[in-house]
Amino acid sequence: DITRLVAAIRRSGAEPVLMTHAVRVTNPPRRSDRDDLFAMRLYVPRAWEAIIAKFEYLAAERVRQVAVRSHVRLVDVAKALNGRRDRFIDLVHFSPAGHGEVARLIHHALLDPS
């Protein structure tokens, strides 16, 4: 549970920063997303491809909600990169350009006091 994790981190004296998880597919999936989603079924064989994409988008939304409720900084990687095939080498792993973009997002989130 992310909310309990945030509380535990704060109890330890640290300030958490949440990040959403990004994927290279859209929701609903494009035709070009099919191979990525089919390959993911190796790990979740009972989930249909469209459900995998929907789950990823809903999970990112839940992280956003927890960040707001918990007053935690958020690095919204999903908002910035979801569906951007040029930023990934497969469904979930970033390309060099994707890594650079994530680093910029983290840098901005840590330096911005709002």
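Predicted model: local features only at pLDDT ≥ 70, side-chain atom pairs only at ≥ 80, totals over all residues.
1. Local features are taken at pLDDT of at least 70 and side-chain atom pairs only at pLDDT 80 or more, while totals for chains, interfaces and linings use all residues. Residues are numbered from 1 along each chain as its sequence is written, and side-chain values use heavy atoms, with hydrogens and water left out.

2. G98, E101, V102 and A109 of α5 are buried (under 20% relative accessible area; exposed is over 50%, partly exposed in between, with a 1.4 Å probe and protein chains only). They cover an arc of only 100° around the axis, which puts them on the same side of α5; the arc is that of the directions from the helix axis to the C-beta atoms. The face turned away from this buried side carries the exposed residues P96, R104, H107 and L111.

3. Eleven salt bridges are counted, each a side-chain nitrogen of Lys or Arg within 4 Å of a carboxyl oxygen of Asp or Glu. D33, buried at 0% relative accessibility, pairs with R30 at 2.8 Å between the closest N and O atoms, and also with R85 at 3.0 Å, N to O. The R85 and D33 pair links distant parts of the chain, 52 residues apart.

Definitions and conventions
Helix = DSSP H or I, 4+ residues; strand = E, 2+ residues; numbered from the N terminus.
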